[in-house]
Amino acid sequence: MLLFLISTTALAIGVRILVNPVSNVFQKYLTQRQAHPLFVVTSTYGILSIGCIFYLLPNLPKNLPISFWYNSFIFNTLGVAGNYFLVKSLHRGDLSVLGPINAYKALVSLVFGLFLLGEIPNVWGIGGMTLIIAGSYFVITQPSSTKGLSWAIFKQKDVQYRFLALFFSAIDALYLKKIIIATSANIAFVSWCIGGFLFSLMAFLYTQKNASFRPHFRILKNYKWYFLALGLSSGLMQLSTNYAFEGIQVSYALALFQVSALVSVLFGVQFFNEK
């Protein structure tokens, strides 16, 4: 246990737990300033891609396996979709509720991980994941409901978007693990940044082909420091995720990441006056 607590994996999990809600705060803040969700996603990837170029120049990878390119295509497609629906959900809903809902991501990764990675959790692992997921029940339970959890909450658009986001990102995490196994955590991070930028940029240009780009760039100029902070926090979140996946099973890591729901609740109250 002591070795785990001082390991790189434990450090990565701790950083991920703290940083993920921070990036969610900036995402929600920017969409409340009328920033388009896809523009927020594209800008985040774009900022990080600039840093990746400086990393690649002296460290250009060679002889990447074919599986890297195949898995990267699927990984980035799912990643952009997950990020898009995440930002849309944060734009419409409460951070303090949407954060805990993400706990169900571990279940999705557990099921698909059996087929894609052959990861089989033990009894203790399943028990721990169950406790974390069960805890989310108490956060999303509506106080006005006398029957506990109100199913009406699942009819809300923000909650539906959040479930779409967690579904895409849970499967996306499994393909990320495939890339890490084939290459390294750092190469997988570069793939996430540059691939995500290209895919999200194409999606943004397609959806905005008949609209002016001036309002988007005006928002970028007015809130440039928030976009930069979002890029840095998102980059740190993803890099810590990669190193966590190197050490333990994806479903375990995703379940542990959900401790960040506590931070999400506190941030929702502190920054957005959520009740």
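**Note on the cavities and nonpolar cores**

1. The count comes to two cavities of 30 Å³ or more. A cavity here is a set of points, on a 1 Å grid over the protein atoms alone, where a 1.4 Å probe fits but cannot get out. The model is predicted: local features need pLDDT of at least 70, side-chain atom pairs count only at pLDDT 80 or more, and totals for chains, interfaces and linings use all residues. Residues are numbered from 1 along each chain as its sequence is written, and side-chain values use heavy atoms, with hydrogens and water left out.

2. The largest cavity has a volume of about 440 Å³, a volume being the space filled by probe spheres set on the points, which are joined across faces, edges and corners. It is lined by 31 residues (lining means an atom within 4 Å of a point). Closest to its centre are N83, K105, S169, M237 and Q238.

3. Helix 2 (8–32), helix 3 (37–56), helix 4 (66–92), helix 8 (157–182) and helix 11 (224–247) each supply at least two residues of that lining. Helices are DSSP runs (H or I, at least four residues), numbered from the N terminus. Helix 8 gives the most, with seven residues.

4. By class, the lining of the largest cavity has 14 nonpolar, 13 polar and four charged residues. Ala, Val, Leu, Ile, Met, Phe, Trp, Tyr, Cys and Pro count as nonpolar, Asp, Glu, Lys and Arg as charged, and the others, Gly among them, as polar.

5. The largest nonpolar core has 54 residues. Such a core is a set of buried Ala, Val, Leu, Ile, Met, Phe, Trp, Tyr and Cys residues joined through side-chain atoms within 4.5 Å; buried means under 20% relative accessible area (1.4 Å probe, protein chains only). L30, V40, W192, F227, F245, L254 and F257 have the most contacts inside this core. Its largest share, ten residues, comes from helix 8. Apart from it lies another core, of five residues, including F85, L86, Y161 and A165.

6. Leaving aside neighbours within four places in sequence, L30 is in contact (heavy atoms within 4.5 Å) with A35, V40, Y223, Y226, F227 and L230.

7. Seven of the eight residues of helix 12 are buried, so this helix is largely enclosed by the rest of the structure. The buried residues are V250, S251, Y252, A253, L254, A255 and F257.

8. T241 is found in helix 11 and is buried, with a relative accessible area of 6%. Not counting residues up to four places away in sequence, T241 touches R16, L176 and F257.

Definitions and conventions. On a 1 Å grid over the protein atoms alone, a cavity is a set of points where a 1.4 Å probe fits but cannot get out, and a pocket is an open set with protein on both sides within 12 Å along at least five of seven lines; lining residues have an atom within 4 Å of a point. Buried means under 20% relative accessible area, exposed over 50%, partly exposed in between (1.4 Å probe, protein chains only).
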